[in-house]
Amino acid sequence: MPIKYKLALWTTSLILILFIVYTIAQYNAVTQWMMDSQKDSMRRTASEIIGYFSEQEEPLDKEGLEESRGFLQRFVQNNQLLRLLDPAGRQVMILTRELPSDWVPVQTAESESIVSLRHGQDRLMVVRAPIKTNSFKGTLELAANLENEDAMKDRLRSLMLELGALGIIFSTIGGLVVAWRLLKPLNRMASAMNNIKRTGVSGRVRYRNNGDEISRLSSIFNEMMEELERSFNRQRQFIEDASHEIRTPIAIIEGHMKLLKRWGKNNPAIQEESIAAVIEEIVRLRQLTNQLLDLSGDLHHPAEEISAPIDPLSVVMELIQNYRLLYPHFTIESDLKEGKRIRIDEHRLHQVLIILLDNAVRYSSQNPVLRMSLQVVGENIHISVEDKGIGVHKKDIPYIFDRFFRVDKGRGRKEGGNGLGLSIAKKITEKYGGEIRIISEMGIGTMVTLIFPHA
């Protein structure tokens, strides 16, 4: 069943239950009020009649009772009966209007009482009260046929049933309208999803931000689609860049193989040049493949438990010594302080720092000065690599860790690398609970800092 009809059914059922409970309570309250009003009226009538006999100073004989008949007659309403009994239970006077006397059994009373009787389909209410006055002693019986009250109750019950039927119809219609109004934003969202399915991830849900749950859901859906679109674009850009990076060395290898096939079979110089170029491109392909595996492999999984923390100072000092040997024309300064240990695989820290140092060397050929520092800052250890190279433009810094991103698109592949190093460095650093930051200014230099918590 569609949720629209479910919501309408639930709404109608709830309204119907509330209506039934309210109607029953109202019906009982009204009928009880009618009965109480009838009882009070008959009690007052009985009290007035007894008061009449109390005002008489002399005992009333049959003639006196007959003289009082006219006065007592005015107390008798339609469908009522008034009867006087002597102490022996004999009928002394009967006054009635459309209520037969044989419907009410004769019974004396020592105290006032109100009883309900049935005669066939009719309900009767009888008030019996003793009369103990100087003028008359006996029992007063006052009876009333409740057919008017019963007819009113039947009419009230029929009216409530009719209103209940109308209530069901209108509540059903109202439930459908409410369901349609509430589900309209969800229907728009479903339409947007269908459009996205047909046209791509650029579609969005239109909604009015009124602070309700559906508008929040629409906002979250749009945010999710924006993130999905960004991820999709990054993935597409990654595939395009990876294809380009792989296609170039393959094309070079293919070109040299064709060159060897055509002219280089008997030319040692061409053979030597082509073999060297092919080996260089194969090495480049291997490096690219390893880096891609790093990005898509174990770096996506949480870091395994490290058996023991490492001392980053020894790794930093070893790299400074190695790079001074590799690049003797570079001035490599250091500012190293002994600090606490950090939890990271030593090989991974070595890999990250090599990426940072290679970038610093690559972009600092005009001003060959590097600086490495290891500082204890609060509860963290900062490891920095700083150069005096060309720097990075501020608009490029947010994208510097994206895969295959190059600051200068016009630089050659040999000079600019393949754009995966910093992305790998960021993944490794975050895998071990660290953070990587970059500060750079064009023409002044760049400083990349690794921040790890104490072990």
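Biologist: Which backbone oxygen lies 2.9 Å from a polar atom of the side chain of Arg 128?

Modeller: In this predicted model, that atom is the backbone oxygen of Pro 105. A polar contact requires N or O atoms within 3.5 Å, and the distance to Pro 105 is 2.9 Å. The side chain of Arg 128 also reaches the backbone oxygen of Gln 107, at 3.4 Å.

Biologist: Why is Arg 128 called buried?

Modeller: The relative accessible area of Arg 128 is 4%. Buried means under 20%, so Arg 128 is classed as buried. This residue lies in strand β4, residues 122–132. Beyond its neighbours within four places in sequence, Arg 128 is in contact with residues including Val 104, Ala 109, Glu 112, Leu 140 and Glu 141.

Biologist: What makes β6 and β9 the edge strands?

Modeller: The open sheet has the order β6-β7-β8-β10-β9, with mixed pairing. Strands β6 (331–336) and β9 (435–441) each pair on one side only. Neighbouring strands of this sheet are turned by 15° against each other on average, direction ignored.

Biologist: How do you know that β6 is joined to β7?

Modeller: Two strands pair if there are at least two bridges between them. Six bridges join β6 to β7 (residues 369–377), so the two strands count as paired, and they run parallel.

Note on methods
Residues numbered from 1 in each chain as written. Predicted model: local features only at pLDDT ≥ 70, side-chain atom pairs only at ≥ 80, totals over all residues. Heavy atoms only, no water. Helix = DSSP H or I, 4+ residues; strand = E, 2+ residues; numbered from the N terminus. Axes fitted to C-alpha atoms, helices over the stretch in contact; angles between N-to-C directions. Buried < 20%, exposed > 50% of the residue type's maximum accessible area, 1.4 Å probe, protein only. Polar contact = N/O pair within 3.5 Å; in protein donor to acceptor, adjacent residues only side chain to side chain. Contact = heavy atoms within 4.5 Å.
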